[in-house]
Amino acid sequence: MDMKKKMKTCDDAPVNCGASEAGSYSGLGRRDLIKAGGLTSALLLSGKIPIMAGPFMKTDFPDHLIPADKKLAVDWVASLTQRGKPEVFTGAELTYIGMPIGGIGCGQLYLGGDGRLWLWDIFKSNYAREKHEMKMSAMTMCGHYTDPVAFGEEYNSQNGAEVQQGFAIRVKSGEETLIRSLDKNGFPGVTFRGEYPVGRVNYEDADFPVAVTLEAFSPFIPLNAKDSALPVTIMHYTVTNTSDRTLKVDLGGWLQNAVCPYTKDPMLGKRANQLEQGAGCTSILSTIGGSEEITKEHGYGSSALTVLDGEGIRVNGAPSISNADNAQQFFNALDKAIDEPVFQPLDKLLVGGLSASVELEAGESKVITYLVSWYFPLHQKGGRRGDQKFTSRHYRPWFKSAGDVAEYVAEKRESLIDGTLLWNKTWYDSSLPYWLLDRSMISLDCTATQTFHWFEDGRPWAWEGVDCCQGTCTHVFHYAQAMGRIFPELERRLREMVDYGIAFKEDSGGIGYRGESSQFAADDGQAGTILRVYREHQMSADNEFLNRLWPRVKQSIEYLMVKDPDEDGLMTGAQPHTLDASWTGEIAWLSSMYLGALAAGEAMALEVGDDAFAAKCRRILDQGYNTMVSELFDGEYFIHKPSGGAGEVDGDDADEIEGVVDDLNTNIGCHIDQVLGQSWMHQVGLGRIIPKKETISALESLWKYNFAPDAGGYALKNREIEPAFRWYAMEGEAGLLMTTWPKGGAKDAIPGDKLRSVENPDVWTGPGGYFNECMNGFEYQVAGHMIAEGAPDSPLVEKGLAVMKAVHERYGAAKRNPYNEIECSDHYARSMASYGIFLTACGFTYHGPKGEIGFAPKINPENFKAPFTAAEGWGTFSQTIDEAGLLAEFQVKWGTLQLQTIRLNPVGIDIKKVAVTCKGKPEDATVRTMQGHAVVQLKSPVQILEGQALRVVLIP
């Protein structure tokens, strides 16, 4: 899409807006769309893409470029809370699909919409940002949002080797033989359903006697980080005989030996393929041999294509196939295969293949499971600002080859495959809308891309996004809620090994915000890290983690207290933060995070017995609760009072930006993060640090002034801000903007800046452009906060869901990859804030060491069901509410759950009695009402094991 495309100016003609179109139509009426033709208009008129909002007239924009009345379509609003149907993609919608399909920290490998694998970026750790020269069209700015990469296109000049790989099926019945490739060429009607971490592809044709369903994934089991970080992709095929006769079926696959993929010098060695029979599996193992120099090459290691043993499955293999892309010749080669190793010079192609043969009676189904595994553990040396040391990948000591990986999966197939599919079933066994469940989990896929790495010494490490901004940045990652709830071990490692390890400054208590790559703290990241310590403590089974870290955590809180010398709860002076600058004065956003850190500090201090420090935190908190309102609330929302002085650009980016304007600020603007600290309180079950009335007013103001049905159009028109902004919402796409100035002040935000042209420049000019952008992670935290503050099924809950769904629809498959959320590069970690929306929709609270859990659903609480994760287990929570009271049940699907206190919301029912049964036996319990919630206290802790349930009945 042309980023310079101008938007039509609103006049007296009605304008419709939609959040999920393939292009811009915010300035076009329905009749204009008919004339325009193309995919957008065809989908819109078919009803595939609903109109979200409008029509708008010039009179809807009297004082502000964003309409106060969003005019959301009735059907679209209804879809926010309806269970709906799973999104299934087909045809042109498959073009951009790339679901990350490898293990945590194992590189980046995509599952395409028709079941083929692509973007083979598994051979090394990336270590150098692409040479983008600050161009908007580059991957690490917004290029893959404006110009998404289609299957088969170049992702990036540095990333993604071309690897020959695929699957095909052959069916024999008597003398008749039919062969199809398992892709859109063989099955033009192929469909894709993405349920991260599982991608489901259906191959079915009325003229073909066998239907095939693929479930593709890497093992993904919450709370089990090791088995979710395996360098393997599982291709789990179910083949069904849809005819009325017995059939012989061969399902075959091939894989190129791409070890050292960019090495072509035949003098260095040879690639080798060997058919191997392992424990419970048969593999084509691909290796490389030669001089010592070959061991230092990019992608040294091994890969394997494997079939797992199964009843009635016969496996045939060929170490070398000359024309695998021709399905007929592929099967002919397998029929004549000789079981001998094959060697090829490095400048020659080497492809091996396997086939799994089964016999199917009419109507019978059988499962055939393939593995694509790899072992490329080396992080090749490369240049990068900062002095971080890249070590080998985490899996280096676990295995010796890709064959070892395959045998490990074969040995543990029941726990790995069944465990992954059990989680997938548990996640979607819910009353929540499918779209919400999809989008809450998708952002976690960044851990299976080149954004995220896990080193041999146990340390996790990440860019902010693929190849962009190093050091598991505190001011980005503190927004992310997903990993702390799904893989809390990894977050605890980050807190101990990085934030309070190599990044901790013992003289000041500051936390280097990019690990060892940055020597100064970002105030928002510092506060967010303190809050994350409390979250990680809550997701632990005992107090050991907190006890180990407390002395340094206390010192890190004191670091922030220094910036509040009068202890009124408001920080002052220079305050570095995530918008790549250091602002001055009293800033509602950053002081709210400071208050949130104090609240977490008080809670942790009380648990470790440091009552004096807890009292100090409480004293400042009580002051801040009042001064936030008296000093920074303007009657509608919270503002920033700059004190003057030059701002400072983030040191990581300063050498790339010339002429950046000093003294950035939001002054009297409406800023997206103004009550972020209170949003964090709902994530960790703490109380109020900002009064509820003013908090809700601030959130309502964000809806009124910042939520734009045409966010891209707004950004083009608002020319009082920095000349260049990045496109994360195109014209006609809805979103919550970073900052708007409904009461003036925009020209003061970037002092001395000039008005820009109508067209957005091609080159980014500095962080002031952030104000005009939509960035997913920020939007998600506001959406979750709206839901948390709203009563069940209230208008505020609806607004939070609308903000989230606007993002979801911006990533519609018709126009870009739904599984790649972008902010200053691909698979951006801040987007993991989406999981926080799921948590607030559930009203979920948890404290593992205390044995406390709570649910207060915000969507259809009368008949609610959703998954949960705890310190040592996960499962399903369900509740029903009627005139007889509230019936709730906790079913443990994996691991164990220890409970003693249960908090539920009976939604206005006056509860008098409680009955609790665990494992079918009654438990002694009492109930009391606290702030409208029912608090059930068990006399003794109970442990619920896998397959068991605890039931609570609240009786009026």
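Student: Is D429 buried, exposed or partly exposed?
Tutor: D429 is partly exposed, with a relative accessible area of 29%. Buried means under 20% relative accessible area, exposed over 50% and partly exposed in between, using a 1.4 Å probe and protein chains only. Before we go on, this is a predicted model, so local features need pLDDT of at least 70 and side-chain atom pairs count only at pLDDT 80 or more, while totals for chains, interfaces and linings use all residues. Residues are numbered from 1 along each chain as its sequence is written, and side-chain values use heavy atoms, with hydrogens and water left out.

Student: What does D429 form a salt bridge with?
Tutor: With K865; their closest N and O atoms are 3.0 Å apart. That pair links distant parts of the chain, 436 residues apart: K865 is in strand β34 (residues 863–869), and D429 is in the loop between α7 (413–428) and α8 (434–442). Helices (H or I, at least four residues) and strands (E, at least two) are DSSP runs, numbered from the N terminus. K865 counts as partly exposed, at 27% relative accessibility.

Student: How many salt bridges does the structure hold?
Tutor: It holds 45, where a salt bridge is a side-chain nitrogen of Lys or Arg within 4 Å of a carboxyl oxygen of Asp or Glu.

Student: Are E823 and R830 buried or exposed?
Tutor: Both are buried. E823 and R830 form a salt bridge, with 2.8 Å between the closest N and O atoms. There's also K912, whose side chain meets that of D910 in a salt bridge at 3.8 Å, N to O. K912 counts as exposed because its relative accessibility is 55%.

Student: Rings, then. How many aromatic pairs are there?
Tutor: There are 48. Rings of Phe, Tyr and Trp (its six-membered ring) pair if their centres lie within 6.5 Å; planes under 30 degrees apart count as stacked, over 60 as edge-to-face and the rest as tilted. F192 and Y819 make an edge-to-face pair, 6.1 Å centre to centre with 65° between the planes. They sit 627 residues apart, F192 in strand β9 (residues 191–195) and Y819 in the loop between α21 (795–810) and α22 (834–842). Both F192 and Y819 are buried.

Student: Why is the pair of F399 and Y408 edge-to-face?
Tutor: Because their planes are at 70°, with the ring centres 5.6 Å apart. F399 and Y408 are buried.

Student: Which residues form one aromatic cluster?
Tutor: F844, Y846, F855, F864, F868, F877 and F890.

Student: New topic: where is T233?
Tutor: In strand β12 (residues 232–241). T233 is buried, with a relative accessible area of 0%. A polar atom of the T233 side chain lies 2.7 Å from the backbone oxygen of I101.

How values were computed. Polar contact = N/O pair within 3.5 Å; in protein donor to acceptor, adjacent residues only side chain to side chain.
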